[in-house]
Amino acid sequence: MTRTNARAVRAIRFGGLLGALGVLTTPMLAAARPTGPSVLCETYPDAPQCSGSLGTCSTCHTSTWPPAWNGYGLAVMAQIGEGTFETSLPTALRALDAIDSDEDGVANADELLLGTNPGDPGDAWPWCAPETPTGPVPVASGYDFERALRRIAITYCGRQPTYDELATFRAGATSSEVQYERLHAAVDLCLGSPTWRRVGLRRLVDARIRPIGAVGASSPVGIVIGDYEWDYRLFRYVMTDDRDVRDLLLADYHVTESSDGTLTRVEGRVPAAGPTGQPLDPERRAGMITTSWFFAINTMFSAMPRTTAAQAYRAWLGMDIARLEGISPIEGEPRDVDQRGVTQAQCASCHSTLDPLSYAFVPYEGIAGGRTGVYDPLRGSRRIEGWSAPPTYLLGEPVTDVRDWAEHAVGTEAFARNLALMMFRDALGHEPSPSELAELRTVWRALERDGWSANRLVHRLVDTQAFGGAR
Ligand SMILES: [Ca+2]
Ligand SMILES: [Ca+2]
């Protein structure tokens, strides 16, 4: 902390909250702290926002530039004592555990551990507030097998169960063991159905691939920037038949489809006259984050592929830097390699994470006709003056290239959490509540033990109270 900031912080501490308000609105004296979320997570390792993720600046901030704090953030700043921000923050946080800074009826520490925002009165779980009568708390009171069966049929078979199916399910099912076996047989049946393999999985990944029909391979106006069907086929292939889901980021192959829907792996490059092929050598490939469509739609014409790295981080690790998630600043960054002014305070808090996350993607072409998505080690020096290929970092770890980026990524809890959340939202249509998230944690933590199979993940999801609990 600079001497100026230390003075500001002392002024806040001794001046109380109203005094703090005056000081904090002076940008010269106070700034958003990108290290805040990681220190908060070290202090509250069991907070849901810290499990398989890095926390978010919005716990304390309403804005990082100009820096603005919510009521909780202001209270925290008022508690900061001597020493650096990082060393005094844990004590400051703990001092406010029993306080209800946003006056929504739930104490700060309880909010952090339940996954709601202690600085936002509109964000609280109603059953946590004391004015709410105890119960009905969403706690297990049994499991409704028929309810789960209906959800399985709709989510994975794309339809309601038929009268005959329900009758068969009920017939002679005198024990929960029998119902359990029948339920999981239905899961296997639906996950193997053409509806799930061809339609459901496409829907599941739409937001991550971001197809744009107007410029896809079947462009009605003849402007083609890439063919996202490669992306859909790869996703569907990896997510079926108990394959290793880490191939979402590690696949060095492509996938074709026959007319009967059979997906087949193909090796090497896929040549094409325009941008519809896959031009990368296998050693430059990293699954969904190195398809030619991925570079076309994200890098586009930019020299510095910040959007590309941000999308890889958001889509496959579940952290959205634009929403101040996954901030993991690197010392000396951003160095502003392309003179975009990202070292200015309003940009630096995100770009100290984003820029070093992006450098490894620089050698991959964006939209460039027949060269779309090619790997060109000289691209950086061609496109960025004074390019020196600075080191790339993912979650604070140095990585050598995009392949290494992907290998680090699939080893993080964030990768497994993101997959489990993707399946949860698809099946239940909402974000997990605190108790559901706690349950879901056991689902994603079993992924490695289950051989990294998406189908096994669905079976575990079906077993949760969130999926089939009686309500
Ligand atoms: Ca509160
Ligand atoms: Ca709250």
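**Entry 1: R403 and E407**

I began with helix 16 (residues 402–410), in which R403 and E407 stand four residues apart and are therefore separated by about one helical turn. Helices here are DSSP runs of H or I with at least four residues, strands are runs of E with at least two, and both are numbered from the N terminus. I found that R403 forms a salt bridge with E407, with the closest N and O atoms 3.3 Å apart. A salt bridge requires a side-chain nitrogen of Lys or Arg within 4 Å of a carboxyl oxygen of Asp or Glu. E407 counts as partly exposed because its relative accessibility is 41%. Buried means under 20% relative accessible area, exposed means over 50%, and partly exposed lies in between (1.4 Å probe, protein chains only).

**Entry 2: basis of the model**

I noted that this is a predicted model, in which local features need pLDDT of at least 70 and side-chain atom pairs count only at pLDDT 80 or more, while totals for chains, interfaces and linings use all residues. Residues are numbered from 1 along each chain as its sequence is written, chains are lettered from A and ligands numbered from 1 in the order in which they are written, and side-chain values use heavy atoms, leaving out hydrogens and water.

**Entry 3: confidence**

I looked up pLDDT, the predictor's confidence in each residue, from 0 to 100. The protein has a mean pLDDT of 87, and 90% of its residues reach 70 or more. Over residues 1–29, however, the pLDDT is below 50, and this stretch has 40 contacts in the model beyond near neighbours in sequence. Contact means heavy atoms within 4.5 Å. Residues 128–141 also stay under 50, with 15 contacts beyond four places in sequence. Where pLDDT is low, the predicted coordinates should not be read in detail.

**Entry 4: overall figures**

I recorded 20 helices and six strands in the protein. Of its 471 residues, 52% are buried. Among contacts between residues at least 6 apart in sequence, 62% join residues at least 24 apart.

**Entry 5: the calcium ions**

Which residues hold the calcium ion (ligand 1)? I listed D100 (OD), D102 (OD), D104 (OD), V106 (O) and E111 (OE) as its protein donors, lying 2.0 to 2.4 Å from it. Donors are N, O and S atoms within 2.8 Å of the metal (3.2 Å for Na, K and Ca); water is not among the atoms, so sites may look incomplete. D100 lies in the loop between helix 4 (85–95) and helix 5 (108–114), whereas E111 is in helix 5, eleven residues away. E111 is buried, with a relative accessible area of 0%, while D100 is partly exposed at 24% relative accessibility.

D120 is partly exposed at 33% relative accessibility, as is D123 at 28%. The two calcium ions are 4.0 Å apart, and D102 coordinates both.

**Entry 6: other salt bridges**

I counted 26 salt bridges in the structure. R246 pairs with D244 at 2.7 Å between the closest N and O atoms. R246 is partly exposed at 26% relative accessibility, and D244 likewise at 23%. E267 and R265 meet at 2.7 Å, N to O. Finally, E365, R371, D376, R379 and R382 are linked in a network of salt bridges.
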